[in-house]
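Have a look at the model below. A set of questions and answers follows, taking its packing step by step.

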Amino acid sequence: MGYKVVIAGATGNVGREMLNILAERQFPVDEIAVLASRRSLGTEVSFGERTLKTEDLDTFDFTGWDIALFAIGSDATKKYAPKAAGAGCVVIDNSSLYRYDPDVPLVVPEVNPEAVEGYAKKNIIANPNCSTAQMVVALKPLHDRARIKRVVVSTYQSVSGSGKEGMDELWEQTKAVYNPVSEVPPKKYPKEIAFNVIPHIDVFMEDGSTKEEWKMVAETKKIVDPAIKVTATCVRVPVFVGHSEAINIEFEDFLDEDEARDILREAPGIMVIDKREDGGYVTPKECVGDYATFISRIRQDGTIENGLNLWCVSDNLRKGAALNAVQIAETLGNRVLKKA
């Protein structure tokens, strides 16, 4: 006996990836429904070897369905998630709406799988921000060994983190560079993204940080340890898929780089590729389509006591969004629902 699963936002990048990953990982699906807004009604999407037509999210009845994976943004989630949860369907939400709600668990299964058991307060589980998800997978096993005091992270985030509009804008602007008769002014981003980097993701806050940077701070504390101090600089780069992060970590206790490398090699969800030679590291282009969070450039930081540097790369549409949501569903099934 398997699960009755709903994908809300099935026509978007993340929704389509959720369907791919459910099929790839052979999630025990008895029945599946794919939902979209009315303007996308009837659009066909793939689920393994099957082709499915989208149904209307606005009129869908969630009664009798087990799990709903939401990839529809905060505004729509605010309307439809309580409707699904109230009908007895557990919502796994990819938006930022519920991440900071104390009654909603924020889960990365490699880090805090036990947190899914707190879903029952609202029948909702939150998926973290894409940049946070890959970072905490790397931080948790090191924190367990030497206790992290402070993290300084600089992100290099791909345009797919902004959805299809971001990917289209990079594509069109790149073509325009080689065809000067056409001009593609910035729409999705505040400045041109082609052949450029933009140190601005989400809105600015009063202290000068952006909301994306604030998310990394708040979510790391909720998922790993509220005592960890985090400071982030989040940058959009002209890469289609794959987020990269340069992470500097200060520990309470000394942790040798060789021991850290061994710890990370044994940690769930991590692939260490760290050779001190040309090409002995992973770039975002190489991680596309992979489940793993890749770690490279592990080295001591001699400028602080008990410091370590590393390079962290992951497919943001997978571990940063769709894969993590499916892993939450797997964890929920194994720990709580136990139907399959």
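**Helix and strand packing**

Q: At roughly what angle do the axes of H3 and helix H5 (residues 211-223) cross?
A: This is a predicted model. The axes of H3 and H5 come within 10 Å. Their crossing angle is roughly 40°.

Q: Are H3 and H5 roughly parallel or oblique to each other?
A: H3 passes H5 in a right-handed crossing. The axes cross at roughly 40°. Angles under 35 degrees would count as roughly parallel. H3 and H5 are therefore oblique.

Q: Which residues of H5 make the contact with H3?
A: H3 contributes Ser131, Thr132, Met135, Val136 and Leu139. By class, the residues of the contact of H3 with H5 divide into 5 nonpolar, 3 polar and 3 charged. From H5 come Glu212, Lys215, Met216, Glu219, Thr220 and Ile223.

Q: Which residue in S11 stands opposite Arg150?
A: Strand S9 (residues 148-157) pairs with strand S11 (residues 243-251). The sense is antiparallel, over 8 bridges. Opposite Arg150 stands Glu250.

Q: Is Ile148 buried or exposed?
A: Ile148 is found in strand S9. Its relative accessibility is 3%. Under 20% counts as buried. Ile148 is therefore buried.

Q: How many Å apart in space are Ile148 and Ala227?
A: In sequence, Ile148 and Ala227 are 79 residues apart. Ile148 touches Leu139, His143, Ile228, Ile249, Glu250 and Phe251, not counting residues up to four places away in sequence. C-alpha to C-alpha, Ile148 and Ala227 are apart by 8.6 Å.

Q: Which residues form the covered face of strand S3 (residues 44-47)?
A: In a regular strand the side chains alternate between the two faces of the sheet. The uncovered face of S3 has Glu44 and Ser46. The covered face has Val45 and Phe47.

Q: Which residue in the turn of the S3 and S4 hairpin has a positive phi?
A: S3 and strand S4 (residues 50-53) run antiparallel, joined by 4 bridges. Glu44 stands opposite Lys53 in S4. The hairpin has 2 residues between its strands. The residue with a positive phi, about 60°, is Gly48.

Q: Are H1 and H8 oblique or roughly perpendicular to each other?
A: The axes of helix H1 (residues 13-24) and helix H8 (residues 318-337) come within 9 Å. They cross at roughly 50°, and H1 passes H8 in a right-handed crossing. Roughly perpendicular would need 65 to 115 degrees. H1 and H8 are therefore oblique.

Q: How many charged residues has the contact of H1 with H8?
A: Residues of H1, including Val14, Met18 and Ile21, meet residues of H8, including Arg318, Leu323 and Val326. This contact has 9 nonpolar and 1 polar. The number of charged residues is 3.

Note on methods. Residues numbered from 1 in each chain as written. Predicted model: local features only at pLDDT ≥ 70, side-chain atom pairs only at ≥ 80, totals over all residues. Heavy atoms only, no water. Axes fitted to C-alpha atoms, helices over the stretch in contact; angles between N-to-C directions. Parallel < 35°, antiparallel > 145°, perpendicular 65-115°, else oblique. Left-handed = near helix turned anticlockwise from the far one by under 90°. Contact = heavy atoms within 4.5 Å. Nonpolar A, V, L, I, M, F, W, Y, C, P; charged D, E, K, R; others polar. Pairing = 2+ DSSP bridges. Buried < 20%, exposed > 50% of the residue type's maximum accessible area, 1.4 Å probe, protein only.
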